[in-house]
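Student: I would be grateful for a close look at a single part of this structure. Please begin with one residue and its surroundings, and then go on to the packing elsewhere.

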Amino acid sequence: MFRLQGSKVLAVEMTGDAVKAKNGSMVAYDGQMAFKKLSGGGEGIRGMVTRRLTGEQMTVMEVRGQGTVWFADRASEINLVSLRGETLYVESSNLLATDGGLRTGTQFTGLRGATQGNGLFTTTVEGHGMAALMSDGPAVLLRVSPQYPLTVDPGAYVAHQGNLRQSFQSGVTFRTLLGEGGGEAFQIRFEGDGVVYVQPSERNTIAGDV
C-alpha cells in the first residue's frame with residue numbers, strides 16, 4: 001500500500017510483495033527487506049537497446065519483504081497515481097516508485113528527447129497498481145478535451161495519461177515571449193481526452209534554438 005507522509009516522503013507497506021523504486025531513494029525501512037538492483041529504461045532486450053540509443057542511465061531497485069519502506073528524493077513533491085489497466089507516460093527522471101506488478105517500458109517520442117537526460121523515449125507504466133511521481137513543487141493536473149487542446153513547455157512536463165495525441169511545435173518559445181533567450185524552441189501540444197501533469201519549476205534542457 002502506497003501512502004504519503006507529508007508531501008515529500010512515500011511510505012510503502014509491504015506484506016511479502018515487491019516494489020520498484022529509483023535507486024538510492026530509500027531513506028528508511030523496518031521489518032525484513034531484501035534489495036536487488038535492476039536495470040532501468042524498460043524491461044528485456046528492447047530496454048537494453050533503448051538505453052544504448054538514449055544514453056539514459058535510469059537505475060531501479062526492487063525491494064521485497066515485510067514491513068514499511070520510506071522513499072524520498074531531493075525533497076521533491078510526490079504525487080500518487082492509481083492505474084486500473086491504463087498506461088501512464090512519464091519522464092524517467094520524475095518516476096519515483098511503482099508497484100512490483102506494474103510493467104514498465106519505453107515509447108519513442110521524437111523531438112521531445114531534446115529534454116535533458118531523457119533521450120528520445122518516454123517511460124511507460126501500465127497495469128493495475130500504484131505509481132509515485134516526483135515533481136519540483138506541487139504538480140498540477142491539467143485536463144485536455146477535444147475542444148481544449150493543451151500546449152506545455154517541455155521543461156515543465158512531468159507525465160500524462162488518457163487518449164492523447166502528442167505533437168511538437170517549433171518557433172516562438174515561452175521564454176522568448178517574456179524577453180528571455182536561450183529557452184526551448186519548441187513546445188509539446190496535446191490533443192484528445194486525458195490529463196497532463198506539469199510542475200511549477202522547469203528542469204534544465206539542452207534543446208537550444210532548434
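Tutor: In this predicted model, Gln-199 touches Asn-94, Ser-135, Asp-136, Gly-155, Ala-156 and Val-158, once residues up to four places away in sequence are set aside. Gln-199 belongs to the segment that follows strand S12, which spans 186-198. With a relative accessibility of 8%, Gln-199 counts as buried, because the cut-off for that class is under 20% relative accessible area. One of the residues touched, Asp-136, also has its backbone nitrogen 2.9 Å from a polar atom of the Gln-199 side chain. That distance falls within the 3.5 Å limit for a polar contact.

Tyr-157 and Phe-190 form a stacked pair, at 5.8 Å centre to centre and with 20° between the planes. Tyr-157 lies in strand S11 (residues 157-170) and Phe-190 in strand S12, so this pair ties together parts that are 33 residues apart in sequence. Both Tyr-157 and Phe-190 are buried.

The nonpolar packing can be considered next. In soluble globular proteins, nonpolar side chains tend to be buried together. The largest nonpolar core here has 16 residues, and those with the most contacts inside it are Leu-10, Val-19, Phe-71, Leu-96 and Ala-97. At least two residues of this core come from each of strand S2 (9-22), strand S4 (59-71), strand S6 (95-99) and strand S8 (121-135). Strand S2 gives the most, with five residues.

Apart from its neighbours within four places in sequence, Ala-97 is in contact with Phe-2, Leu-10, Val-19, Lys-20, Ala-21, Met-130, Ala-131 and Ala-132. Among these partners, Leu-10 and Val-19 are also listed with Ala-97 among the residues with the most contacts inside the core. A second, separate core of 13 residues includes Leu-95, Leu-102, Leu-133 and Ala-159.

Notes
Residues numbered from 1 in each chain as written. Predicted model: local features only at pLDDT ≥ 70, side-chain atom pairs only at ≥ 80, totals over all residues. Heavy atoms only, no water. Helix = DSSP H or I, 4+ residues; strand = E, 2+ residues; numbered from the N terminus. Buried < 20%, exposed > 50% of the residue type's maximum accessible area, 1.4 Å probe, protein only. Polar contact = N/O pair within 3.5 Å; in protein donor to acceptor, adjacent residues only side chain to side chain. Contact = heavy atoms within 4.5 Å. Phe/Tyr/Trp six-rings, centres within 6.5 Å; stacked < 30°, edge-to-face > 60°. Core = buried A, V, L, I, M, F, W, Y, C linked by side-chain atoms within 4.5 Å.
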